[in-house]
Amino acid sequence: MPIVTAGLVSLVLAYMLSQFYRAFLAVLAPVLQDQVGATPGDLALSSGLWFIAFALMQMPVGASLDRVGPRRTVAWLLAVGGCGGAILFAMAGAPWHLHLAMTLLGIGCSPALMGPYYIFAREYPPAAFGMLAGMLVGFGSLGNILGAAPLVWVIEALGWRQTLWGLAAVTLMVAALVLACVRDPARLGSDHPQGSIGQILRLRAIWFILPLFAVNYAVTAAIRGLWAAPWLEQVHGADATQIGRVTLAMGLAMVAGSFAVGPAARLAGGPRRATMIFSAVMIAVMAVMIAQPALPLPIITALLVVLGFFGSAYPLLMAHGRSFLPPHLVGRGMTFLNMVSIGGVGIMQFASRPVYRAAEAAYPPAQAFAMLWLFFLIPLVAGFLLYFLTPEAQTDKAPA
């Protein structure tokens, strides 16, 4: 077994924290507005900074994975950035404190997924990568679940600042567990060339994967982690408990979707075809949300559940892209793909802020959110159409 059970558990816990920290602002939105003065636009900026910091760290993380290994890369960044960001968040007194805290958290979480992916790519057969990638995202996405209704319960019992102090301690403990339990893969021999970004960009097979990489995850990440709460509150009159339940349902669907990608790739005949099916369903759901943004809350919940399930194609895209990477480009190549994905989330969250403000000023709440959903749908459709130009996976069409 390439990594011991405790090492795998520690990496799953690290990724759970990453999922939690990218999504927990949706539940904290009301209390942060009351006590810190953070508007939805401020939280959009804070959330976007998390993703931008995460994305900008991907190439340094890739180099570190190749040079020093995933054990120290994940442990030290999580300890310094993750724990430090949670402490700063707990002490926040103004919106700019949240911006800085979320930036630190993005840095701390930046290797949480690529560390175990690097191990899977180096030490497991290529045919197993898609299944393992989906399972890791599925288990790790429980952090999304903890960032919904369970977080509401803890905040109601302890207060939000005390909750963040506790999260800082948990983050530090997980970092220590990674450092103690994870075992790095063997180093590549001197006969393998040094990888570079130029070599990655010369892989023409991944060129038309990149646009969909940049927008696919952005839709579910932005809606689940940022815009669901104000939409449900302003258009549907939902309170904090109802928001927690709806986002919990969407989070559970995202977990289920991550576990489903392996079987979906087998049934569809490969990750490329499965990605097309998942993306087509996302487009259809978004079209309904645009046409009827004020449907009854149970129907809206069902739409978000479907969107969460079929918005979980990230492991399929990663399995497709990974199939074109030679061994010496695995670390830098996967982090480059992840940078495109997470960078797209950050950019679209930044851009969604002025789009929402302009729509809010011109339209009633329901129509304003319909315009926001249209903003997310247009690049998703463009990425979906360009994805048709990609070749099938280079090895093992069904990656799981």
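This is a predicted model: local features need pLDDT of at least 70, side-chain atom pairs count only at pLDDT 80 or more; totals for chains, interfaces and linings use all residues.
I started with the largest nonpolar core, which has 124 residues, and looked up who touches the most other members: Phe24, Leu32, Phe89 and Tyr117. Next I asked which helix gives the most to this core, and the answer is α13 (residues 210-236), with 16 residues. Both domain 1 (6-181) and domain 2 (203-389) give residues to the core, so it lies between them.

Then I picked out Phe24. Skipping residues up to four places away in sequence, I found Phe24 touching Phe89, Met102, Leu105, Gly147, Leu151 and Leu164.

**Entry on Asp42**

Is Asp42 buried or exposed? Its relative accessibility is 14%, and the cut-off for buried is under 20%, so Asp42 counts as buried. I found Asp42 in helix α3, which runs over residues 40-56. Leaving out neighbours within four places in sequence, I listed what Asp42 is in contact with: Gly37, Pro95, His99 and Arg353. With Arg353 there is also a polar contact, side chain to side chain, at 3.5 Å.

**Entry on the two domains**

The domain assignment gives domain 1 (6-181) and domain 2 (203-389). I looked up how far apart their centres are, taken over C-alpha atoms, and got 19 Å. On the domain 1 side 48 residues take part in the contact, and on the domain 2 side 42 residues do.

How much area is buried between the two domains? I noted about 3,900 Å², with carbon and sulfur atoms giving 73% of that.

Polar links came next. Between domain 1 and domain 2 I counted two salt bridges, and five residue pairs in polar contact, with both residues at pLDDT 80 or more. I also looked at the salt bridge where the side chains of Arg332 and Asp66 meet, at 2.7 Å from N to O.

Last, I checked which helices make up the side of domain 1 that touches domain 2. Several helices supply at least two residues each, among them α1 (5-23), α2 (25-35), α4 (58-67) and α7 (114-123). The helix that gives the most to that side is α3, with twelve residues. That is the helix where I found Asp42.

Key:
Residues are numbered from 1 along each chain as its sequence is written. Side-chain values use heavy atoms; hydrogens and water are left out. A nonpolar core is a set of buried Ala, Val, Leu, Ile, Met, Phe, Trp, Tyr and Cys residues joined through side-chain atoms within 4.5 Å. Buried means under 20% relative accessible area, exposed over 50%, partly exposed in between (1.4 Å probe, protein chains only). Helices (H or I, at least four residues) and strands (E, at least two) are DSSP runs, numbered from the N terminus. Domain bounds come from an automatic or database domain assignment. Contact means heavy atoms within 4.5 Å. A polar contact is a pair of N or O atoms within 3.5 Å; within protein, one must be able to donate a hydrogen and the other to accept it, and residues adjacent in sequence count only if both atoms are side-chain atoms. Buried area is the accessible area (1.4 Å probe) that two parts lose on being put together, summed over both. A salt bridge is a side-chain nitrogen of Lys or Arg within 4 Å of a carboxyl oxygen of Asp or Glu.
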